Amino acid sequence: MDKAAQFVEEIQKGYTTKGDYIYLGAGMLNGNVHSQASVKIPLKTMNRHGLIAGATGTGKSKTLQIIAENLSEKGVPVLLMDVKGDLSGIAKASEGAAFINERHAKLDFPFSPKNSPAEILTLSDQRGIRLRATVSEFGPVLLSRILDLTSTQTGILAIIFKYCDDNHLPLLDLKDLKKIIQYSTEEGEEEFEENYGRISKASTGAILRKIVALEQQGADLFFGERSFDVKDLLRKTEEGKGFVNILRLTDIQDRPKLFSTFMLSLLAEIYTTFPEKGDMDKPELVMFIDEAHLIFEEASDALLDQIESIVKLIRSKGVGIYFVTQNPADVPEEVLGQLGLKIQHALRAFTAKDRKAIKLAAENYPVSEFYDTKNMLTALGIGEALVSALDEKGRPSPLVATMLRAPMSRMDVLTETELDRLINESQLVSKYNGQIDRESAYEILNKKIEIAERTEAQEKAKKERKEVTKTSSRRRTSSTEGAVIKVLTSATFIRGVLGILNKFLK
């Protein structure tokens, strides 16, 4: 058996599935595409997480698009983090092109243009369905990790939340949280000290400064109502296609703290909300995090620990998470070790640091008798990638250089008109885009302070009136006594008394 036949046999054996699958493309050896060496990813393993990596311009976004649209076609809802703003085209069918036909001829696989049902989501003032969460939903532990608080400050925040629970004060947005923190060391200082112990003003000041820093990255837009129900990410069409939920993050690149905050909130909410699923034939939801380094590069150790824990545990909920980034080194090793599917596009070796990164990246993949992985990483063309997956029994499949199929949807963004139409037709816009500002901790505490100040003013006025009355009484008494003394000591009165006494003595 020659090497090509041996290669085809090994790939067929490693990528044969009994259940449903996603067809990625066909294996390549020595520059030749072997259409019989089909690379198929079992749907059953899509909740084992994954990585799509490669240098700029090598086709990462298109690979993401291929997997997302095929998941949707198979009835699996998808959430895409669209940092670069180039994924909205998934809502429209491809117009086709000569190079697409040429590629699919090599793959011996028919090309059929299709669109996917899509929703446009946003964290900011951009057009789309607004995603929000309340401060209460975060809770003191998660919020402390996001703010990177000390153990003392975390304890204080826990007391703040306990006070709000005990006194039925809803914490909805950062305005509420700042108000109750200020109240704890000012107007409500005695109340807090009596029931929960003394709270340091220096510690609350430090917490407030960190909240302000989070606000400056746009978190005030994220915290509030109406809170997004993560179950709305699981919607399907009447035909059974899963919705592709595209979260527009083009204005978030300079605000990594907000991105990390949102991601951690979303993962935690999904983990606590979704029921245990165990092994399934296909996942409940698959998430793609583009430009994943934005989550990790400014995250604290506590935040990284939280993300790592959730990535490990969320698989049992039927949720897969896929990180898209330029270099595998952008993802912490603890997270990287949890990823079942790895799709590695080309890396560029322009510097000594690049060559070192390529050597490390090559070590993340299984050894192959058909490839020199390190050299292959720099030789891949656009739309080609090294693929390593898991089979249906969870075993690593052979490493294979793959010519990837083309996306069925448009490889370009929607026009402004198309985007507006898509958003206006959404069933979720009316649910989440209305402004809600119900009475919460901020308003309740302001009323409480106002009543206390009014009562204090009334007591002070009452006290002042009593003092005025008492002073007036003293003045009247003093005036009467003075008048009597004046009369009794006057010469006329004395002469009169002496005259009476003189007559009496005679």
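On one side of helix α16, Thr-417 and Asn-424 are exposed, in a model that, it should be kept in mind, is predicted. The other part of the picture is given by Glu-418, Leu-419, Leu-422 and Ile-423, which are buried within this helix of residues 416-424. These four lie on the same side of α16, because they cover an arc of only 130° around the axis. The cover over the buried residues of α16 includes the strands β5 (118-122) and β7 (244-248), together with α17 (429-432).

Is Thr-402 buried or exposed? Its relative accessibility is 0%, and because buried means under 20%, Thr-402 counts as buried. The side chain of Thr-402 reaches the backbone oxygen of Val-400 at 3.2 Å. When neighbours within four places in sequence are left aside, the residues in contact with Thr-402 are Gly-25, Ala-26, Met-28 and Val-39, as well as Gly-383, Glu-384, Ala-385 and Val-387.

The last place concerns a pair of helices. Two packed helices are described by the angle between their axes and by the distance between those axes. For α6 (residues 174-185) and α7 (residues 189-196), the axes come within 5 Å and cross at roughly 80°, and the two helices are therefore roughly perpendicular to each other. From α6, Ile-180, Tyr-183, Ser-184 and Thr-185 meet Glu-189, Glu-191 and Phe-192 of α7. Sorted by class, this contact of α6 with α7 has three nonpolar, two polar and two charged residues.

Methods: Residues numbered from 1 in each chain as written. Predicted model: local features only at pLDDT ≥ 70, side-chain atom pairs only at ≥ 80, totals over all residues. Heavy atoms only, no water. Buried < 20%, exposed > 50% of the residue type's maximum accessible area, 1.4 Å probe, protein only. Arc of directions from axis to C-beta. Contact = heavy atoms within 4.5 Å. Polar contact = N/O pair within 3.5 Å; in protein donor to acceptor, adjacent residues only side chain to side chain. Axes fitted to C-alpha atoms, helices over the stretch in contact; angles between N-to-C directions. Parallel < 35°, antiparallel > 145°, perpendicular 65-115°, else oblique. Nonpolar A, V, L, I, M, F, W, Y, C, P; charged D, E, K, R; others polar.
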